[in-house]
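Morning, everyone. Today I want to talk about charged side chains. Have a look at the model first.

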Amino acid sequence: MPPKSKAAAAAAAEPVSVEDLFTSLHRHIQAGDSLQAAKVADQVLKAAPGDEDAVRCKVVALIKAEKIDEALAAMRAAERLPIDLSYYKAYCYYRQNKLQEALDLLRGQEETVAVLQLESQILYRLGRMNDCMNSFEKLQKFKIDSMDLKINIIAALVAAGRASEVQATMKALKVDLTTRALRDARSFELAYNSACSLIENKKYSEAKEQLDLAKRIGKEELMVEDYGEYDIEYELAPVSAQLAYVQQLQGQSQEAMQTYVYMINTKTPEPDPSPIADTSSLAVATTNLISLRGTKETADSLKKLDQLIEKSTAPNRLQLIESLDFKLSPRQKEALYSARVLLLLHTNKIDQAHELVSALIGIFRDSVFPVLLQAAVHVKEKNVQKAEEVLRQYADKHPENSKGVLLALAQIAANANHFQLAADSLSKIPDIQHMPVTVATLVALKERLGDSNAAASVLDSAIQWWKNSMTEDTKLDVFIREAAAFKLSHGRDEEACLLYEELVKSHGSIEALAGLVSTAARTNLEKAEQYEKKLKPLPGLKGVDVESLEKTSGARHVEGPQDMKVDVPEEVKKQKAKKRKRKPRYPKGFDPANPGPPPDPERWLPRRERSSYRPKRKDKRAQVRGAQGAVTRETAAANASGSSKGSQTTSSSKAPAANSDQPKASNKSRKKKSRS
């Protein structure tokens, strides 16, 4: 290297003034060069140790440069200085997903716009939506006309389950959702959040229109900013996922499934292939695809879901990939983990399902879904009593949040024929006691228990409730009609008659009037005749004299029910008579002109069962007992009589009888005699 000149050496030795350093620092901040700004801030601190502005500039520059750990180290180094850096430290903890620590640092701070915005974001990630909305309401007092703030307020309302308040809030915030206004504001996120609120309110057609609008405006905005094709798809992946979800809710399952599969499987081209959707959208698409598939392709679904979960050797520890844990809402995480547990059950991986449920109980302490999953695992193991015990214990400890648990307990108990437990579980849910489905289920359970009085009291209670209710969609006539039919089938004719009479007076339907007449005929004949006059005559029966019809020669009184004969038109008879003629099929080589002898009709029967079967004859030749050549007296007499009278049949029938009196010789004696 050439030696430095004296002027350069002198310039290097001369210290730079603090004012010049701050000028340089300001220039780097304006240019957006955060790393260089942090270096210049270090030079300022060397020249002026403990300078508050230099410390703040260094911390902010490191945060903007995504150097969160270095920013925290710089704040720890400045702890002895009288500088309050709590806000910046809270923001760094927020970026590291240490949400509770960040929230603790913000407590007691002055409620400025920056503090309230950070607090609302932390509360949103923690799932404390009501507290998040309180922070946003405090922010509105500052009258900030920020589109980002409006977008966040609507998103928080949807996540808090307060989607019904979105439209009124947008009017209060003077939000215009027309196409022109959204294009001028260059904000497709607002249309997207509005669509999410419409989905929560089950207005799917309007939600689809808002999502289409958000996608169209988003494409225009990103194309103006020179985004590529795949970059645009990446940015609009949340909108695409919600569009597919709306199609799924509207019954367009095939279209929704195609979108989910495309989002999951498609990657950008080489040399740097990457997914065309962000991780949160991939998680939503994967979970919804699994719900569409159901019990089909469980192995592939489980493989796709496992790609979103990091492998951990620590027991009962779950971690989603790429900080997905704080990108998903609590509801989305519940859906994802529930899908994994159900897939493990469908693939008979009971042990893994047990481990996952145990971890979820520790993670979601205030949620009910791990308890339901734990009961499902016990049911899969055919341990119904354990499942009932788990659900019953939770319902006793958390009565205010046990509606879903009691419904699950009732279903499990009913399937196990534990009808009393099922009825008791349903009776503990006050807000559904008088709904038609609940009443019908309780009546059926009481009937299974043989307690018709309790079943009747359930119906009476429902009728009384609907009489006192002020709702427009009344079900009173339905309950009265069903209660009357129930009591009639259980021998309570008088009570059924009163119910039918009440139904006739209130609604006056023909069915109720017919039921009243038929029921009153059993208990009160005068009342039956009174109401029978109100029945309209059947058309075509005017002027028919029943008595004269009975006196005709063709009519006679017949006891008991008879089959009705209906006159069938001749055309119908001819149509029925027509039978399709088919060409007969013959065996190979058969000539119908020369059929030959007919086949034996018994050819398929076993030979022993055929009429032509003759058993094998046994050797019935007479065996002579005694010496060789000896003839018995009966044989000689038979031969003599046979030669004279020709009665061979008689002698042959007597010969064996005579021989049967002789003792039988053994085989050894016969052998010895034959040898001699």
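A salt bridge here is a side-chain nitrogen of Lys or Arg within 4 Å of a carboxyl oxygen of Asp or Glu. Keep that cut-off in mind. Also keep in mind that this is a predicted model.

Start with Glu495. Glu495 forms a salt bridge with Arg492. Their closest N and O atoms are 3.7 Å apart, and the cut-off is 4 Å, so the pair counts. Are these two residues buried or exposed? Glu495 is partly exposed, because its relative accessible area is 34%. Arg492 has 21% relative accessibility, so Arg492 also counts as partly exposed. Buried would mean under 20%.

Now to a network. Salt bridges with shared partners join Arg293, Glu297, Asp300 and Lys304. One of the pairs is Arg293 with Asp300. There, the closest N and O atoms are 2.8 Å apart. Arg293 has a relative accessible area of 13%, so Arg293 is buried. Asp300 sits at 27% relative accessibility and counts as partly exposed.

How many salt bridges does a search of the whole structure find? The search returns 17.

Next, one that spans separate elements. Glu111 and Lys138 meet through their side chains in a salt bridge, 3.1 Å from N to O. Where do the partners lie? Glu111 is in the loop between helix 7 (99-106) and helix 8 (113-126). Lys138 is in helix 9, residues 129-140. The pair therefore ties together parts that are 27 residues apart in sequence. Glu111 is partly exposed at 42% relative accessibility. Lys138 is partly exposed too, at 32%.

On to a lysine under cover. Lys487 lies in helix 28, residues 476-489. Its relative accessible area is 5%, so Lys487 is buried. What does the side chain of Lys487 contact? It makes a polar contact with the side chain of Asp460, at 2.9 Å. Side chains of opposite charge can pair when their charged atoms come close.

Asp148, Glu189, Asp231 and Glu235 form a negative surface patch. Residues in such a patch have no salt bridge. Take Glu189 as one of the four. Glu189 is placed in helix 13, residues 188-200. Glu189 counts as partly exposed, because its relative accessibility is 34%.

Key:
Residues numbered from 1 in each chain as written. Predicted model: local features only at pLDDT ≥ 70, side-chain atom pairs only at ≥ 80, totals over all residues. Heavy atoms only, no water. Patch = residues over 30% accessible without salt bridge, like charges linked within 9 Å, V, L, I, M, F, W, Y side chains within 5 Å. Areas by Shrake-Rupley, 256 points an atom, 1.4 Å probe, with all protein chains shown as cover. Lys, Arg positive; Asp, Glu negative; His and termini not counted. Charge placed at Lys NZ, Arg CZ, Asp CG, Glu CD. Helix = DSSP H or I, 4+ residues; strand = E, 2+ residues; numbered from the N terminus. Buried < 20%, exposed > 50% of the residue type's maximum accessible area, 1.4 Å probe, protein only. Polar contact = N/O pair within 3.5 Å; in protein donor to acceptor, adjacent residues only side chain to side chain.
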